[in-house]
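Subject: Structure for your review

Dear colleague,

Please find below the structure that I am handing over to you. My findings follow it, arranged by topic.

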Amino acid sequence: TGVQTCALPHSERAAPSPKPAPVPAPRALPAPAPRPAPLPAPKPAPVALTRQQTGQAALASLRPYPLSRLYAAGWTIHFLAPRDGYLGMTYGGTNSVDIYIRDGQSVAYTARILGHELGHAIDLTWGTNTSRATYLRLRGINPATPWYGCGACTDFATPAGDWAEVVARYLVGNTDFRSTMAPAPSAAQMNALVPLFQPPPR
């Protein structure tokens, strides 16, 4: 006899296997936070200079000038402790330039004081009636004005003090200018004055 097969009704057929759910892609790990830049190492505290170191640094900062000629004429430069009321003094009798350095005084300020006092030393060593008359004419200062003031006085209102301020401007650069005799020299005027500051030929 033949074998009969019986088809299952549609509703009773085996359901197809469900498709597997898609596996989600793994989430990307967040990028690591940038590390902060390392802090720079602290700068070492500036080392305080001694008075001698400050003075020598000020001397070295000046425009080249034949100071050896002043030394040969017997001049000495001293960097000393503070003195009330004074920043520098020039003593013609002993050929001494004394610079009084206060605590914390900068090299630049010391150079400015040193330049002024060296101006006096230059004047006392090589200044003549002729060179001073030429200076007064070039600076527009009344030639009848006494060259010097009183001893140990502030000299910004004297031709000698104006000379010292101009020499300081020449040796140091554009520092403050304190003379009350005439304005700070222009570049052209300075060029005309510079030969007066130089030692005479040997």
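**The loop residue P185**

Leaving out residues up to four places away in sequence, P185 touches R139, V166, F177, M190 and L193. Please bear in mind throughout that this is a predicted model. P185 belongs to the loop between α5 and α6. With a relative accessible area of 10%, P185 is buried, since buried means under 20% relative accessible area. P185 and L138 lie 47 residues apart along the chain, and their C-alpha atoms are separated by 9.7 Å.

**Overall organisation**

The protein contains six helices and three strands. Along the sequence these elements follow the pattern α-α-β-β-β-α-α-α-α. The protein has 202 residues, of which 35% count as buried. When contacts between residues at least 6 apart in sequence are considered, 56% join residues at least 24 apart.

**The sheet**

The three strands form an open sheet in the order β1-β3-β2, with mixed pairing. β1 and β2 stand at the edges with a single partner strand each, so one side of each has no neighbour in the sheet. From one strand to the next, the twist averages 15°.

The two pairings of β3 may be described in turn. Strand β1, residues 76-80, runs parallel to β3 and is joined to it by five bridges. Within β3, S96 stands opposite T76. Strand β2, residues 88-91, runs antiparallel to β3, and four bridges join the two. Here D98 of β3 stands opposite M89, while S96 of β3 is the bridge partner of Y91. The hairpin of β2 and β3 has four residues between the strands, and in this hairpin N95 takes a positive phi near 50°.

How many residues of β3 are buried? Five of its five residues are buried, and the strand is therefore described as mostly covered. In a regular strand the side chains alternate between the two faces of the sheet. In β3 both faces are covered: S96, D98 and Y100 are buried on one side, and V97 and I99 are buried on the other.

**The nonpolar core**

In soluble globular proteins, nonpolar side chains tend to be buried together. The largest nonpolar core in this model has 35 residues, and L70, L114 and F197 are those with the most contacts inside it.

- the helices α1 (51-60) and α2 (67-72);
- the strand β3 (96-100);
- the helices α3 (107-126), α4 (129-139), α5 (159-172) and α6 (187-197).

Helix α3 provides the largest share of this core, namely seven residues.

Which residues are in contact with L114, leaving aside its neighbours within four places in sequence? They are A58, L59, L62, I77, F79, V97 and I99.

**The packing of α1 and α3**

Two packed helices are described by the angle between their axes and the distance between the axes. For α1 and α3, the axes come within 8 Å and cross at roughly 65°. Angles of 65 to 115 degrees count as roughly perpendicular, and α1 and α3 are therefore roughly perpendicular to each other. Their crossing is right-handed. On the side of α1, the contact is made by T54, G55, A57, A58 and L59. On the side of α3, V107, T110, A111 and L114 take part.

Apart from residues up to four places away in sequence, I113 touches L87, G88 and I99. I113 and E165 are 52 residues apart in sequence, and their C-alpha atoms are 9.3 Å apart in space.

Yours sincerely

Methods. Residues are numbered from 1 along each chain as its sequence is written. This is a predicted model: local features need pLDDT of at least 70, side-chain atom pairs count only at pLDDT 80 or more; totals for chains, interfaces and linings use all residues. Side-chain values use heavy atoms; hydrogens and water are left out. A nonpolar core is a set of buried Ala, Val, Leu, Ile, Met, Phe, Trp, Tyr and Cys residues joined through side-chain atoms within 4.5 Å. Buried means under 20% relative accessible area, exposed over 50%, partly exposed in between (1.4 Å probe, protein chains only). Contact means heavy atoms within 4.5 Å. Two strands pair if DSSP finds at least two bridges between them. Axes are lines fitted to C-alpha atoms, for helices over the stretch in contact, and angles run from 0 to 180 degrees between N-to-C directions. Angles under 35 degrees count as roughly parallel, over 145 as roughly antiparallel, 65 to 115 as roughly perpendicular and the rest as oblique. A crossing is left-handed if the near helix is turned anticlockwise from the far one by less than a right angle, and right-handed if clockwise.
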